[in-house]
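Q: Could you go through this structure with me? I would like to take it piece by piece.

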Amino acid sequence: MSSVPASAFLALALILFCIGLYGALTKRNTVIVLISIELMLNAVNINLVTFSKYGLNPSITGQIFALFTISVAAAEAAVGLAILISLYRAKKTVNIDEMDIMKH
Amino acid sequence: MGLSTKTGRCQALLGFDKIRVVPGTARRGIVIMMENAWLIPLFPLLSFLILLLFGKRLKEASAYVGILFTLASLVYSILVLFERFSEPTYGTNFEWLTIGDIHLTAGFEVNQLNALMLVIVSLVSFLVHTYSKGYMNGDERFPVFYAYLGLFTFAMLGLVISPNLLQTYIFWELVGVGSFLLIGFYFYKEEAKAAAKKAFIMTRIGDVGLFIGMILLFWQTKSFEYSEIFKAVDAGAVSGTMITLTAILIFIGAVGKSGQFPLHTWLPDAMEGPTPVSALIHAATMVAAGVYLVAALFPLFQASKTALLTIAVIGAFTAIFAASIGLVQTDIKRVLAYSTVSQLGYMMLALGSAGYVAGVFHLMTHAFFKALLFLAAGSVIHAVHTQNIEEMGGLWKKLKFTGPLFLIGTLSISGVPLFSGFFSKDEILAAAWEGGHPILFFLALIAAFMTAFYMFRLFFMVFTGKPRTEMKNVHESPANMTYPMMLLGVLAIVAGYVNTPWFGSFLGDWLVDGNPRLGHAHVEGPIWIMIAATVVSLLGIFMAYLMYYKRSLARNWLSGTGDTLHTILTNKYYVDEFYQLTVIAFTKGLSYFLRFIDVFLVEGLVKGVVGIVQGLGRTGSRMQSGQVQTYGAVAFIGLALLAVIYALTGGYLR
Amino acid sequence: MNLHWILSILVFSPLLGIVVLALLPKTQEKVIKAVGLLATVPALLLALAAYLHFQWGKDLADFAVSVPWIQFRGMGTQEPVFSVYYELGMSGFQMLLVVLTAVVATLSAIAAAKFVKKEWKGYFMLFLLLETGMLGVFTAENLILFFIFFEITLIPTFFLIGKWGYFEREKAAYSFLIYNGLGSAVLLIVIMILFGKTGTTNIDLLTQMMADPNVPLSSDLKLGLLIALLIAFGVKLPIFPLHSWMLKVHVQAPPSVVMIHSGILLKIGAYGLIRFGMGIFPEQFKTLATLIAVLGVINLLYGAFLAFIQTDFKMVLAYSSISHMGIVLIGLAAMNEAGVQGAIFQVVSHGLISALLFFLVGVLYERTDTSLIENLGGMAKGMPIAAGFLLAGALASLGLPGMSGFVSEFMAFLGLFKELPWVAAVGTIGIIMTAAYLLRAVLGMTYGKAHREFTGVLDLKGVEFVPVVVLMLLIVLIGVYPSVLSAPLQTTLETIMLGIGG
Amino acid sequence: MTFSGEFLAFMGLALVAIIGGVLLLNLTKVVHMVVALIFTFVAIAGIYVLLSAEFVAAVQILIYSGAITIIMLFGIMLTKHDDESEPKTGKWRKLLVFLGIAGFAFAVYIGIYNFNIVQVPTTLHENNTMQIGKALYSKYIIPFELTSALLLVALVGSIILAKNEKKEGDSE
């Protein structure tokens, strides 16, 4: 039994998620945007792990989900960075404002 | 109308099946003529239609079509009149239009006034048709002229035979159109165009008064039918103010049509039309329609002292006002036009002084002598090709028929004893003295003096003295122009004897027969009135004789050296200019102001709408920046908005 | 006899013409014109047949058709929750408008064959689509169907103006589309609210439901819906200050389209106001009556005063349309038989008169390349017949008795004088102004000294007589014997009056 | 609620995590940001421990604090740029995004606030790694294998994407 209520973990996760979101939506350096997204994923993981412990049927599944998320996040980070580098080669910038080839 | 039974639509469509006799007149003798009196207006209509369709092919022969059909009307009218002497009023109606429970009817009615008017109108119309054959000879739009004449005659006959206000209004407008078309007959002349437009619009101002009055009266009495209206008024179903209001509004219509002050200015301008038209429309028939309307609705007017007084005052004022302008005009037709306005004022004065018989009587005699004067003037113009009396003179010898005929007309209008105008004018003066106001009586007396003066001024300037300009080829008009004038000349002398203080007031007795509301058949005025009238007219003639025949009096004898008065009179008291500066300027100003609104405010609104749409489009296209982050931000803000709304209003989260 | 299919044929018969036209090569000018003209004839014949059907004393309800069309089923229920029917029907009022539409459409096709100078194929295809839309609008018994037809009229009109119009045609087409698009958006909102709240879009059913106090619609909502309808149809009518698109259209669109536009399309606004505004929300209409009367008088006077100073005859006619639609509003605001009947008469009568006048404008423009009053001065010398008809048309328009304009004007004012005499009295100034501006314009064009030589300019000839004479005869017929219109209207009027009285 | 050691630990870790996050947002140099984020990641690992998830905590440190951060640093270095951070984004957008996030946070917070979760004794902390292993290799074997495939694809994909263009051009 923990003396920390589940809502405290959830609140922490919310705060981290919001920070990540803010970073993802406002930062102009693409690397930082990617990092912010990782932060958001982390916040989600906290939730998963929290729910694996709390609730009527605590189970290990939540932790397993967190593990999967981490691995997918790792893969995403790798691919994201690869894309970033190849974009950088093409445009010589990592400024997200200048990446607007979707418009054309 | 007023028939409140609900009828099915099938019946409404069959129309003529519903002919019925006006209540109270059900006593039927053998009234074959009156039964079919509706044919009278149809003859000229037929003439109009035939000439409209085949006029081009008929060419000069179209005159015969017109003459023939109006002759048919005339004959029929006379027959109807004679039948009416012995039979009671006859009328029928059929359903014209159904509005819910309201059934509006159309029909015709032959009462004394109508029968008399039918004869006057068809007679003058027939004579003018005949006269025009010569006068309009050679005009390339000859058939059109006759077509228009037919249209006008149709409308005028329809007007006088109408049994209800609505139908009266309908024909009232149609005569307006006939008049409009004929004034503008020489359409390529700018003056004719302006005059036609002015005539139509000014009379329409009056018509709107009639329109409002008619509708208000309808909602008060639930009927347009004359008989129903009088019944309601007698029964006291209409409040006093309402009677006064509607009566005055209807009178405004009469003011417009009869050229009473302040809507008189179109009538002199209407002289731009061909002269026979002036004789037919702007002297004998249409302009008298205003008088006819007041006469037809006389019981209504009689129920309101205020309305009667208004009529009397406007009539008297117009009489003297127009007469004073007539003193100085130099255009032969304009002098006659102002004299018409003045004489119409006389009739109004008579009606306003409760002199029903006097008004109608003068209407009749005036129709004859004024038509005669106009036709004679037309004959003069035909001969000398000018309308300016300053350029005429000494035509007496050259125009063997026209001269004496014109003199007869002049004597008659001046009120010289034994001519028709004398009797009717005397009748009016007596009525004004008895029923009106002394001031109005004296105004009328002065107007009579002026009339005598300017009419003889005209006569002397045109027919006596020496020609003031060189005139060649002056010849008497052809027979088909002189015969109508002769007939009118005879009538101008004898028409007065149907109602005299000496030989009995036959006309008056007949007119008011069975209708006590219309007042006395004959107003017995003091004997000095007749003497005064005679003296006044002879004085006028004498002064004109001195100034324009003997030339023993200088022409500016009256106005003195200062010509201010003369200038004012020549410029017709600047009424036209006044309207130009006020009403027209105001209308124009308002129009431009509204255009300002239209261009700036309303168009601004449009620009605003267009701007918003374009702005939205532009924003939308700017939003498509290709920047994923922005898209994400927008999408997220939307999501957040939804989440907040749900959280606040309670949704899945609660 | 089974007559249910007649209305569908009537409405969709022009589409057959489109199919035939689509198969024709572009270059066959004469054939295209003939097909375009002929395709309007079946609708005309059927419309006249419907009129005769009525005159023979039979019931117009014979034509009604109702077939299930679109249904939304709720989850797990067998009964459809919302269902839309394909419903066409005809009352006397609708029949008159259908006849008017069919007549004007055929005459407009004649005008188009005469005046349209290019791409007849596209023109006639769009034109026929437009006719289907208009016929559908007047026969739809169901708001959704009505809306669909309403939209169908928009698109072809947009292209007809934008492609075949005069100099600033595109601007006019866009302002037409934007305004009417906004109007129909508002209309859609109203329809959807009604549908959602009541579960039906059948007009008669809605009328009954609104009279029923148990239906869960607050009177505030009803008032709001009515105001929205007033805006939606006010754009179409148009009501001041929503009118400026209409001026552009009248000036820029080709005459044959303006005949349709001024003759029929504007009338959709009036039809909608009468059928939906007054029919469905009678009580709320009553509360707004004074406002509508004032709007009507404003329309009447505003249009009249502005028409008074225009230099282009087309503008005069455009403003005169605004002015005359004011009379429709005046009649409606009276809320009694006379007024409503006057409004309906005005709808029909103005349709005929403006079609006539715009046809003549087309004739003049074709021959002289101008519609400026000044430039045309004195044309009666060169083309007396056209001038005569122009004058007659103007007289009809200014409400000369004996022609249709008078009857409607008279009844509208008769109605309003009973309810709001002062407003009506102000409105009568409009009667004078109408005479003033029309005579100013028409006499300016026909009378007076000729400013130019009209030699070599041909008068009306040949097939051009057909529209002019037909329209003129109809105008005079209605003016002389108004029962041809009033008889079919009695049932419609009774229904409306029942709603107002109850 | 008592101020137990566990609670204090949670507070401390949470504080570190949040401070790390805030620094991420506010520092100017990119490298500094990444470093600040390492604190957050490590603190989150601590949180996992508190939640009886030792293995996840270990993985967190390995993958996030280790691998991902390093990759990011590589990314920063490879994409040679002024390590001074970017010109500012539009104020309005920042404000709007901030408001949006605040609203979102508010909405979710209401959810959390009203969320009543029961707590029952668990055995997650006993042989945590073994439990995970058992579950992973029995019940979740297919996702597990799919994950490996995913990682492989990601690996290959990254290499191809990041490969030098010239070489790419040569090979073609």
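**Chat on the four-chain model**

Q: Where does B:Lys222 sit?
A: B:Lys222 is in the loop between H8 and helix H9 (226-234) of chain B. Keep in mind that this is a predicted model.

Q: What is its phi like?
A: The phi of B:Lys222 is positive, about 65°, although the residue is not a glycine.

Q: Which other residue has a positive phi without being a glycine?
A: C:Met335 is one, with a phi of about 60°. C:Met335 is in the loop between helix H13 (313-334) and H14 of chain C.

Q: And is C:Met335 buried or exposed?
A: C:Met335 is buried, because 24 other C-beta atoms lie within 10 Å.

Q: Back to H8 of chain B. How does it pack with H17 of chain C?
A: Helix H8 (residues 190-221) of chain B and helix H17 (residues 404-419) of chain C have axes 10 Å apart, at an angle of about 60°. At that angle H8(B) and H17(C) are therefore oblique to each other. Their crossing is right-handed.

Q: Which residues make that contact?
A: On H8(B) they are B:Ile215, B:Leu216, B:Phe218 and B:Trp219. On H17(C) they are C:Phe413, C:Leu414, C:Phe417 and C:Lys418. By type, the contact has 7 nonpolar residues, no polar ones and 1 charged.

Q: Now within chain C. How do H11 and H14 cross?
A: Helix H11 (residues 255-280) and helix H14 (residues 337-368) of chain C cross at roughly 165°, and their axes come within 7 Å. H11(C) and H14(C) are therefore roughly antiparallel to each other, since angles over 145 degrees fall in that class. The crossing of H11(C) and H14(C) is right-handed.

Q: Which residues meet there?
A: From H11(C) they include C:Ser262, C:Gly263, C:Lys267 and C:Ala270. From H14(C) they include C:Gly351, C:Ser354, C:Ala355 and C:Phe358. The contact of H11(C) with H14(C) divides into 15 nonpolar, 6 polar and 1 charged residues.

Q: Which residues of H2 in chain C are buried?
A: Helix H2 (residues 29-38) of chain C has C:Ile32, C:Lys33, C:Val35 and C:Gly36 as its buried residues. These residues are on the same side of H2(C), because they cover an arc of only 165° around the axis.

Q: Why would residues a few places apart end up pointing the same way?
A: An α-helix has 3.6 residues a turn, so residues three or four places apart point the same way.

Q: What covers the buried residues of H2(C)?
A: The cover includes helix H1 (4-23), helix H4 (92-115) and helix H5 (120-139) of chain C.

Q: Changing topic to the assembly: which chains have the most contacts between them?
A: Chains A and D do, among the 4 pairs of chains that touch. There, 63 residues of chain A are in contact with 75 residues of chain D. The largest share of the chain A side, 21 residues, comes from H3(A). That side divides into 45 nonpolar, 14 polar and 4 charged residues.

Q: How far is chain C from chains A and D?
A: No contact joins chain A and chain C, and their closest C-alpha atoms lie 28 Å apart. Chains C and D also have no contact, with closest C-alpha atoms 29 Å apart.

Q: What is chain D made of?
A: Chain D has 7 helices and 0 strands. Of its 172 residues, 27% are buried.

Q: And what about chain B?
A: Chain B has 26 helices and 5 strands. Its C-alpha atoms fill a box of roughly 115 × 65 × 60 Å along the principal axes. Buried residues make up 57% of the 654 residues in chain B.

Note on methods:
Residues are numbered from 1 along each chain as its sequence is written. Chains are lettered from A and ligands numbered from 1 in the order in which they are written. This is a predicted model: local features need pLDDT of at least 70, side-chain atom pairs count only at pLDDT 80 or more; totals for chains, interfaces and linings use all residues. Two residues are in contact if their C-beta atoms, placed from the backbone, lie within 7 Å. Helices (H or I, at least four residues) and strands (E, at least two) are DSSP runs, numbered from the N terminus. Ala, Val, Leu, Ile, Met, Phe, Trp, Tyr, Cys and Pro count as nonpolar, Asp, Glu, Lys and Arg as charged, and the others, Gly among them, as polar. Axes are lines fitted to C-alpha atoms, for helices over the stretch in contact, and angles run from 0 to 180 degrees between N-to-C directions. Angles under 35 degrees count as roughly parallel, over 145 as roughly antiparallel, 65 to 115 as roughly perpendicular and the rest as oblique. A crossing is left-handed if the near helix is turned anticlockwise from the far one by less than a right angle, and right-handed if clockwise. A residue is buried if 20 or more other C-beta atoms lie within 10 Å of its own, exposed if 12 or fewer, and partly exposed in between; C-beta atoms are placed from the backbone. The arc is that of the directions from the helix axis to the C-beta atoms.
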